Amino acid sequence: MKIVACYNIKGGIGKTAAAVNLAYLAAHEGARTLVWDLDPQGAASFYFRIKPKVKKGSKGLLTGKKTLEDAIKGTDYSNLDLIPADFSYRNLDLQLDEIKKSDTRIRKLLKPLAGDYDFIFLDCPPSISLVSENTLIAADAVIVPTIPTTLSLRTLDQIVDFCKKLDIDHAKIITFFSMADSRKKLHKQIVENPPQHVRVLNTSIPYASDVERMGVYRQPVPVFAGNSRAAKAYQALWKEIKTILT
Amino acid sequence: MKSLHNAQFVLAQQTDSDAIFTLLQQEFALYETDHTRLKRHYLDSFDWRMYRRNYVCTWHETASKRTKSRDGIFFIHDKKTGSSICELPLNSVPRFSKDVNHQTYRKLLDDVLGIRALMTVAVLTVKRKQLLILNEEHKTLVLLQVEHYAIQKPSDSKQPAGRLIVCPVRGYEKVFKRVMQLITGQLKLPRVHETLLDEVLAITGQAPDSGKSAVNCGLKRSFNTWEAERILLQQLFGVMQINEPGLREAIDTEFLHDYRVAVRRVRSMLGQIKHVLPDNLLTYFKREFSWLGSVTTPTRDLDMYLLKFDGYVQSLPKELQQHLEKFRLFLQRHWKIEHARLCRVLDSKRYRKLAGEWQKLLTNVDMPLLEEPSQQGQAQEIVNAAKPASIVARQRIWKLYKRILKEGGSITPQSHDEDLHELRKSCKKFRYLIEFFQAYYSGKSIKKLLKTLKQLQDNLGDFQDLCVQIGQLNGFAEQMQQEGLADTRTIMAMGVLVEKLNERKMALRAEFGRRFESFTQPENKAAFVEALQVQQLEGVTE
């Protein structure tokens, strides 16, 4: 089982879109795949048409009154399950803080699922918090979508520093350019000259209306626009990530 | 991933998807898909290994008119619950576990199939309509499939009954329960009693028989030697016949292996149970079966190299591993040549004559007992034919046992490899006879002896294989050079391989003493003497 965390401090940069599309592609190839929507906004749950509701909420999951397994819902796609978001996840930080070994709790919760899934994608909330710390520790790979702008690169540096402080293996951090607009000179320049201190994948996800339309269709891009530029980019991205993971 | 149990119902002729739709739409929002057609290939090994382990393996092929493409999906289902264990896109029917590019499923197949191949055992055309039960967010909560089937065999007029398959979605069990209530309560559809595969096999007249290559003796105590031998030889001939098509098609290497084992057992029987057939017949069949054994050897040898090839590669230092690939190509090329040659042999007049004569002998119940021996000499030739099989077999088995003790006991660290080979052959003959006539001995003692015998045979077998391989590898290297297939690095890699095989050979040789000692332990010998009731054997003394 490989755990892939899709993470960034910033919101609205294609984090959930990446988690949903990559998970769909993994499942479509036959890998047993789970997405855990950890973001209380519940965008991943929305894309899969699953209500953002977990019985007994986050506290139930953390205290073991409700096992993670019981919260799993089947999606409309073969080999792909989801643990939905819940509004109570907004307090996840505080709840984690109250328990022992609070930084490794998510890893412990996921452990029993090791035999059931090949990939678990964590769609993380945009913040620096105990939840992020947990997901970064649990993950085999931390995928950081980054918009090719100066400010986003600055955020990337902050994430790298944060991981360093947590003593997280630098090799786990993998970034790719998201919402890349080839018409913009700055985007083009940054994509052509990516930062050297962190692993940047060759594939960029374009700024494309098909990605935005995921919210209209409530489906992963390859389902409703299989031949689109965006779908092909996600396929190429998954191929790169898979090679690193296996 | 937790797999959920689906529920399957028999569709009565008057019940169609419309009736189900009408019923369910009273409570649920539904979406009905168009009819789709798919071809379902049921897959299993020749000896039904998947079926016997309660797996149903299928490969579905759907044709898309729009994209003019064909997509395939490979499934493994639990035979008892119908739940899906594996759903994997695959563009062609997988043959071996290595064709499945998913670690978990590949391991599952590997554990069950070993080196056996998957073959298509039945093909079904499925006409399917799907009903999706949706919530207000248009999320599927339960999936219903209405399926009608046609077995792809033109002569079959009977077809399996259609089925309604209700598939739950994880996390929405309440809706599934309600749907089940409606279907059983209102439509009163009966549940299916057997898997669709079982139904298909019943119609096509196939039986998942695991013992196709086994000899199931079933000898009576009252049998004379000819009666017992005829039954055993008939069974062995049956094994040869059922393996022949798979051997020709090269479905997997076990067909040739089982065929050769049957031939070897026939030879053992002819050679060991003496004075049953007249000399002229015996000489002819011994010669011809020996020929059959030898013409199948080159293909089997190459099979063995190819089966062990990945292990060979792994045994080499990393930097040399890639250089062995040319050797693989060489083996594959020569395998094709040898296999084609073998198929020509099986089509030859000589083989057809042998098969015909053999069949004629085995179908003649009275041969050779009713033949009036005109001369004293001829009577001697078949002197054992009318004697009780249990006595004749026991005498021979005891003799072979003593031979093994003698041959094995005289082996020293200085003995030639040939001596171990001779012992190996004696052990094989001994083992075959015990297996043929097992009905005549008490089970437990023999089983214990067979266990230690098998360990000894494994040692001797592996040792002999290595002797042959080391000898052949040097010849292959020369041949490859002549054929322009080998460069210096390939030859070097093969040289290192020979060294590795030599090391293994030495280790096996060192192990021999311990294995033989275990076989000859006094308690094993005592158990064997007891099982064989040696003291009662006329003319046999310990």
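This is a predicted model: local features need pLDDT of at least 70, side-chain atom pairs count only at pLDDT 80 or more; totals for chains, interfaces and linings use all residues.
## A quick tour of chains A and B

The buried residues of helix H6 of chain A are covered by a set of elements that includes strand E1 (2-6), helix H4 (92-98), helix H5 (105-110), strand E5 (119-123), E6 and H7 of chain A.

**Helix H6 of chain A**

- H6(A) runs over residues 130-138 and is mostly covered, with eight of its nine residues buried.
- Those buried residues are A:Val131, A:Ser132, A:Glu133, A:Asn134, A:Thr135, A:Leu136, A:Ile137 and A:Ala138.

**The sheet in chain A**

- Chain A has an open sheet of eight strands, and you can trace it in the order E3-E4-E2-E5-E1-E6-E7-E8, with mixed pairing.
- E3 and strand E8 (199-200) of chain A stand at the edges with a single partner strand each, so one side of each has no neighbour in the sheet.
- Helix H7 (residues 150-165) of chain A packs on this sheet, where it touches strand E6 (141-146) and strand E7 (173-177) of chain A.
- The direction of H7(A) makes about 160° with that of E6(A).
- Back at E3(A), the pairing with E4(A) is antiparallel and runs over two bridges.
- If you want to find that pairing by residue, look for A:Gly74, whose bridge partner in E4(A) is A:Asp81.

**A loop residue to look at: A:Asn79**

- A:Asn79 sits in the loop between strand E3 (73-74) and strand E4 (80-83) of chain A.
- Its phi is near 65°, which is a positive value in a residue other than glycine.
- Is A:Asn79 buried or exposed? A:Asn79 counts as buried because it has 26 C-beta neighbours inside 10 Å, and the cut-off for buried is 20 or more.

**Nonpolar cores**

- The largest nonpolar core has 78 residues, and A:Ala5 and A:Leu22 touch the most other members.
- Helix H1 (residues 15-28) of chain A gives the most to this core, with 10 residues.
- Leaving out residues up to four places away in sequence, A:Leu22 touches A:Phe121, A:Tyr234, A:Leu237, A:Trp238 and A:Ile241.
- There's also a second, separate core of 54 residues, which includes B:Val239, B:Tyr259, B:Leu292 and B:Leu449.
- In soluble globular proteins, nonpolar side chains tend to be buried together.

**Chain B as a whole**

- The C-alpha trace of chain B spans about 90 × 65 × 50 Å along its principal axes.
- Of the 542 residues in chain B, 29% are buried.
- Take the contacts in chain B between residues at least 6 apart in sequence: 70% of them join residues at least 24 apart.

- B:Ala150 lies in strand E8 (residues 140-151) of chain B.
- Setting aside neighbours within four places in sequence, B:Ala150 is in contact with B:Thr125 and B:Gln159.
- B:Ala150 is partly exposed, with 14 other C-beta atoms within 10 Å.
- B:Gln272 is 122 residues from B:Ala150 along the chain, and their C-alpha atoms are separated by 52 Å.
- B:His275 is in the loop between helix H7 (253-272) and helix H8 (279-315) of chain B.
- The phi of B:His275 is near 60°, a positive value in a residue other than glycine.
- B:His275 is partly exposed too, with 17 other C-beta atoms within 10 Å.

**Where the two chains meet**

- How many residues does each chain bring to the contact? Chain B brings 13 residues and chain A brings 14 residues.
- On the chain B side, the largest share comes from strand E6 (residues 84-89) of chain B, with three residues.
- By class, the chain B side has four nonpolar, four polar and five charged residues.

Notes: Residues are numbered from 1 along each chain as its sequence is written. Chains are lettered from A and ligands numbered from 1 in the order in which they are written. Two residues are in contact if their C-beta atoms, placed from the backbone, lie within 7 Å. Helices (H or I, at least four residues) and strands (E, at least two) are DSSP runs, numbered from the N terminus. Ala, Val, Leu, Ile, Met, Phe, Trp, Tyr, Cys and Pro count as nonpolar, Asp, Glu, Lys and Arg as charged, and the others, Gly among them, as polar. A residue is buried if 20 or more other C-beta atoms lie within 10 Å of its own, exposed if 12 or fewer, and partly exposed in between; C-beta atoms are placed from the backbone. A nonpolar core is a set of buried Ala, Val, Leu, Ile, Met, Phe, Trp, Tyr and Cys residues joined through C-beta atoms within 7 Å. Two strands pair if DSSP finds at least two bridges between them. Axes are lines fitted to C-alpha atoms, for helices over the stretch in contact, and angles run from 0 to 180 degrees between N-to-C directions.
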